[in-house]
Amino acid sequence: MIRRHLRLLTPLALLGLLVGLADLSHGSVGEDEDYYMQGLLIREQYNQVQVLEKQNSFIPDGEEDPKEHSAKKTAKAKSDSSKKTDKTPADAKTVKSPNKKAEKTKKTAVKNPNSVSEGEQQYNPIKKECPPIGLESLKIDDFQLHASSTKRYGLGAHRGRLNIQAGLYEDDLYDGAWCAGRDDTLQWFEVDARRLTKFTGVITQGRSSLWSSDWVTSYKVMFSNDSHTWITLNNGSEDLIFKGNREKEIPVRNIFPEPVVSRYIRINPRSWFTRGSICMRVEILGCPMPDPNNYYHRRNEVITTDDLDFRHHSYKEMRQLMKVVNEMCPNITRIYNIGKSQSGLKLYAIEISDNPGEHEVGEPEFRYTAGLHGNEVLGRELLLLLMQFMCLEYLSGNQRIRHLVEETRIHLLPSVNPDGYEKAFEVGSELIGWSLGRWSNDGIDIHHNFPDLNTILWAVEAKKWAPRKMFNHHIAIPDWYQSTNASVALETRALIAWMEKMPFVLGGNLQGGELVVTFPYDRTRSQGVVREQTSTPDDHIFRWLAFSYASTHRLMTDANRRVCHTQDFAKEDGTINGASWHTAAGSMNDFSYLHTNCFELSMYVGCDKFPHESDLPEEWENNRESLLVFMEQVHRGIKGVVKDHQGRGIANAIISVEGINHDIRTAADGDYWRLLNPGEYRVTARAEGYSLLSKKCEVGYEMGATRCDFTIGRTNMSRIKEIMEKFKKQPIKLPMRQLAAPGSRRRRLGT
């Protein structure tokens, strides 16, 4: 039965493969480059940067760069291209691109300077390009990287990895590149692949630094099988010199005219920025040659047995894949959208439940979101894989998945920022740099775009007004934030409306660029302090929730793993309080905790924000168990229903736990869920117009929330108010004979 359903995915996978191959031969449109550079450089610098049309092409030693192709060769290339177009088979027209924007790019003559140049395509078609060997993804260990010299330890060869980020200060142990100890043409950066590898290209960046401007502008490439005898890549008559970077952040890719098989590869800088030094961040493109006896390779190989759609999906492909899963599992899935992005793309979510479309009393609601930063794409793909996995496992009778689906209402929102993702997707996984596509179309960081409720709460607490004058939960959104002039992204407003509509209990937003789980608060309580432990009243359960994900991840708690960038989170069990990492006002996590019942955490699921497609199966294996375990935590603590004496559920009843200064509220049907660690708690339920009721509720160590129901009655005052409201707050008029009787009696008594 599973094979029959998997056949439905095959046409989609083939379509994506054809489109992926077609997209590789074209660069992104020029406006994407402009958007990116404006985000990296100040306006004056941006106006001075002259982007050349052939930034990545190689030039023979001694010749000046660009324009080495004559007008005749250019015309010939265009003529050959048109001839190939004329000879395209008729049935090829039936294959439509799932990405209109990419198709439009192909039809235009605009060329991305970061893509392969015409000269490269003339010598070596893109189809020969191999995936990254793993400097950025950390598959290549530190001891596989060597250099001729080093300026200092923090700028050693082990730091020469594409997109590696530096610390805030210079002279840090974790700096942002490899930098040579001397600035001359004898310097080199070397990678030992530890096995024969077919090398096809190199990607370079300059140094990540707020204070220095260092990058290599041209270089040679050398190869060896023994690290003693080296051969320089040439074009038959002279050594090839490849163009390097023109600034420090935008990656530049160079493809070799022909693949070269060797074990070692060296990059030999030939020129560098005149006011800087020899500094590089590097990724190598290469395909390992078959070698079943290579123990090192087999020891590090991760193989998945899940037959899923492991590739990057454009917006249309994502929507189509969600539709395929919905058709495979129509009884447990539902697709809906929560709003639109700034450019008009719908924000699609998929619900997985045994009763999709309905909230069941007593059943908790869980959410995963991803792609708040559009260039952090691993979380997006993980949710698409999770969606497929749960559908297939449910159909195959997996009892764990069936129990999760039948006892939980699960919502997956794979792409909060589809506009940003489309920008990153068009450029490609190795060429987006660190920032392209991060923000919304109007330049807003969605994750930190929520109202700052922390400051409101802390100000009230300082005046000792809570909880007498203001609650410690469900804090109202300020009026200024809701005005049309506020700098609030459409995506953020859609998220808030969604969070207020659904009674979510637990949520996780998947991000990238690190390996750590963060939990609230994300803002420091002390003003002007960048890092400070700032705990919520629910710190203990937040720490457990974070650890439940990190401890089941294949790498997060591994004490021997390499630091992604500048901080060793493995020492802290792969978790950290958000404010003690870096302060951020208005985070989604803090807003969710202070404005709704939902406990929200951030999972940074990989050092590489945009891993190559070939790395997705391994990343799925790294995160699959964590994704499932964290969802199961929604059933930890207590749950119940608050009712009146007529058995009707009471909405917005307040649930308080003694010793924890943070309350929650019941949903529309009177049901509630309170996440708690194992222990005995005194819990109180109260609602306006009702008497409060307290009882002891015990939480065990086994999975499954403890039932703790409340039946509360109306207070006398609330009954009086109800009667007065019924009579429009007028005195009750008694019959005349009852009013006259006392006076008549007094007259009879002679008074």
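Cys598 is buried (under 20% relative accessible area, with exposed over 50% and partly exposed in between, using a 1.4 Å probe and protein chains only), its own relative accessible area being 1%. This is a predicted model, where local features need pLDDT of at least 70, side-chain atom pairs count only at pLDDT 80 or more, and totals for chains, interfaces and linings use all residues. Residues are numbered from 1 along each chain as its sequence is written, and side-chain values use heavy atoms, leaving out hydrogens and water.

Let's turn to the disulfides, meaning pairs of cysteine sulfur atoms within 2.5 Å. The count comes to 5, and with the bonded cysteines numbered in sequence order, the pairing reads 1-4, 2-3, 5-6, 7-8, 9-10.

One of them joins Cys130 to Cys287, with an S to S distance of 1.8 Å. The torsion about this S-S bond is about -110°, so the disulfide of Cys130 and Cys287 is left-handed. The two cysteines sit 157 residues apart, Cys130 in the loop between helix 7 (118-123) and strand 2 (145-147), and Cys287 in strand 9 (residues 279-288); helices (H or I, at least four residues) and strands (E, at least two) are DSSP runs numbered from the N terminus. Cys130 is buried at 4% relative accessibility, while Cys287, at 21%, counts as partly exposed.

Strand 9 also takes part in another link: Cys279 lies there, 100 residues from its partner Cys179 in strand 3 (residues 178-179).
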